[in-house]
Amino acid sequence: PISSAWATGKTGVGQTIALYELGQYDPTDTANYFSCYGLSPSVTAINVDGGTTGGFNVEATLDVEEAGALAPGASLEVYQAPNTASGQIDVYARIASDNSASIISTSWGDCEIDPTGTVAAEQLIFEQMAAQGQTVIAAAGDSGSSDCTGITSNAPAVDDPASQPLVTGVGGLSVTSIASPLVETVWNANGGAGGGGVSQIWSRPSWQNAPGMTASETMRMVPDLSVMADPVTGFMMNFTGTSSPTTQTWASIGGTSIGAPLVSAIVATAAQV
């Protein structure tokens, strides 16, 4: 567990996590958060296509806080771009071009077969990242197998980029006891469900073969692993949403958005030499 890594001084030192964001994180809120826990991770904002538009974004702020808290020794690079079709792909392209991050974390996703999506363009960039030794970790979504409902049809579907073959997709769990043995189930309650199902685009990789898996299923299965996501046992975050907050707003939050920075932190601590 990650606590064991911390106990031996492994907090992600020497690793860089790139956070993919289509919204602007709130530096005041993240500073309040880190101050509360006595942490001082390195955080650098990198604007792509001129940076984001609009106010501060809860998703981006959450990602910075969770990655910084779970791997405080790692350097965080926050790539921020407008939430547009070009911005969505340009962030990945910039992260690959810079090639300074060993781990890429994204909590942003879309219906895998959204006709306005950028799946094919993403694939080429993820191939470049893989060749460069960069690990990409993506949230599998909070809509169970209904990721495309309201976008294409109500048929079961999964989330991109979690379904991409060169990406590690992270689903969600409900954990009712952390005692030994751990008691956990798939998150499917309290306002959401861990994304999962079978890809309609990508073939089943050879490593997705194991006892109990149906041989007739020929497409990629999502997610690859799952971590705590149920809001009932959520993670603390600080977010006010304003540039001049008069009070600190603390709240518990869940979802697979937690999973991407959490797993990224685990990878960062494991990679520390």
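This is a predicted model: local features need pLDDT of at least 70, side-chain atom pairs count only at pLDDT 80 or more; totals for chains, interfaces and linings use all residues.
Contact here means that heavy atoms lie within 4.5 Å of one another.

What covers the buried residues of H4 includes strand E1 (16–21), strand E3 (75–80), strand E4 (103–106) and helix H5 (119–131). The residues of H4 that are buried in this way are Gly-87, Ile-89, Val-91, Tyr-92, Ile-95 and Ala-96. The helix runs over residues 85–98, and because 14 residues at 1.5 Å a residue should span 20 Å, the distance of 21 Å between its end C-alpha atoms agrees with expectation. Directly after H4 comes Asn-99, a residue with a positive phi near 50 degrees.

Ala-85 belongs to H4, and with a relative accessible area of 48% Ala-85 is partly exposed. Its C-alpha atom is 32 Å from that of Ser-206, a residue 121 places away along the chain. Leaving aside residues up to four places away in sequence, Thr-118 touches both Ala-85 and Ile-89. Thr-118 itself sits in the loop between strand E5 (110–111) and H5, and Thr-118 counts as buried because its relative accessibility is 15%, where the cut-off for buried is under 20%.

**Packing of H3 with H6**

Helix H3 (residues 58–70) packs with helix H6 (residues 256–271) at an angle of about 30 degrees, and the two axes are 9 Å apart. That angle makes H3 roughly parallel to H6, since angles under 35 degrees count as such, and the crossing of H3 past H6 is right-handed. On the H3 side the contact is made by Glu-59, Leu-62, Asp-63, Glu-66, Ala-67 and Leu-70, and on the H6 side by Ser-257, Ile-258, Pro-261, Leu-262, Ala-265 and Thr-269.

**Backbone features in loops**

Pro-161 lies in the loop between strand E7 (159–160) and strand E8 (168–177), while Pro-181 is found in the loop between E8 and strand E9 (183–186).

Positive phi values also occur in residues other than glycine, among them Asp-49 and Asn-190. The table sets out the backbone angles.

| Site | Angle |
|---|---|
| Asp-49 | phi near 55 degrees |
| Asn-190 | phi near 60 degrees |

Asp-49 has its place in the loop between strand E2 (42–47) and H3 and is partly exposed at 42% relative accessible area, whereas Asn-190 lies in the loop between E9 and strand E10 (197–203) and is partly exposed at 46%.

Note on methods
Residues are numbered from 1 along each chain as its sequence is written. Side-chain values use heavy atoms; hydrogens and water are left out. Helices (H or I, at least four residues) and strands (E, at least two) are DSSP runs, numbered from the N terminus. The expected span of a helix is 1.5 Å times one less than its number of residues. Buried means under 20% relative accessible area, exposed over 50%, partly exposed in between (1.4 Å probe, protein chains only). Axes are lines fitted to C-alpha atoms, for helices over the stretch in contact, and angles run from 0 to 180 degrees between N-to-C directions. Angles under 35 degrees count as roughly parallel, over 145 as roughly antiparallel, 65 to 115 as roughly perpendicular and the rest as oblique. A crossing is left-handed if the near helix is turned anticlockwise from the far one by less than a right angle, and right-handed if clockwise.
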